[in-house]
Amino acid sequence: MAAELTAHHRRLAQQKREAITSAATELFLDRGYDGTSLARIAEAAGVSKSTLFKQFPTKAALFEAIVTESWQRDAGDTAARPQAGDLRSGLTAIGHRYADLIGQPRMTGLFRIVIAELPRFPELGRMQFQLGKLPYFASVQQYLESEHEAGNADVPDAESAANQFLGMIANYVLWPRMLLTGWKPTASDIHNAVEEAVQTMLARYTPNPPA
């Protein structure tokens, strides 16, 4: 019984945490980071101020959690990095997970908050880069390095290659969405964009067979 109660309490705490981060994201977009108080977030999330302050004592801590959870959610789990062995398969898996991740409305909202508030709150940009994009980017770089070391790819500069690959996908899936309110590519369109990026990488980085 005690274990069941503990599990129940954990579920409730997680539900409240998700309600808080979701409400905060919406309010940051609507009212701006500076114009949103923790008390207003608690009200919108349907939790007490003491519950919110217990999990997030400051607004910066709350934004940090939004960034971290957005990049790690489902497709953004860096623990899901493929093992070296098949460059096409690995890039395809990474590419589709990345497209799923940056195609989420939550991620679009996060980028919009950072861009809008960057002049007044540069620390938001640092959080987004250091806690979100950089760890994700590093995981892709490490995957490419592992394929290079295994002899499955010729990638002398894995940092540049990771930037190229993720950039090709983001340029289709994310950035038009930031500027065009009607940008809604179909699942087939996104699939094709990822496959084209994979083909480009294979053409560039597949090792040449010995003469």
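**View 1. The meeting of domain 1 and domain 2.** In this view, 7 residues of domain 1 are in contact (heavy atoms within 4.5 Å) with 8 residues of domain 2. In domain 1, Leu29, Tyr33 and Asp34 lose the most area to domain 2, together 62% of what that side buries. The domains span residues 1-57 and 71-205, with bounds that come from an automatic or database domain assignment. The area buried between them, meaning the accessible area (1.4 Å probe) lost by both parts on being put together, is about 690 Å², of which carbon and sulfur atoms give 70%. This is a predicted model, in which local features need pLDDT of at least 70 and side-chain atom pairs count only at pLDDT 80 or more, while totals for chains, interfaces and linings use all residues. Residues are numbered from 1 along each chain as its sequence is written, and side-chain values use heavy atoms, leaving out hydrogens and water.

**View 2. The salt bridge of Asp34.** Between domain 1 and domain 2 the count is 1 salt bridge (a side-chain nitrogen of Lys or Arg within 4 Å of a carboxyl oxygen of Asp or Glu). Arg120 forms a salt bridge with Asp34, and their closest N and O atoms are 3.7 Å apart.

View 3. Gly46, whose phi is positive, near 75°, follows helix 2.

Terms used: Helices (H or I, at least four residues) and strands (E, at least two) are DSSP runs, numbered from the N terminus. Buried area is the accessible area (1.4 Å probe) that two parts lose on being put together, summed over both.
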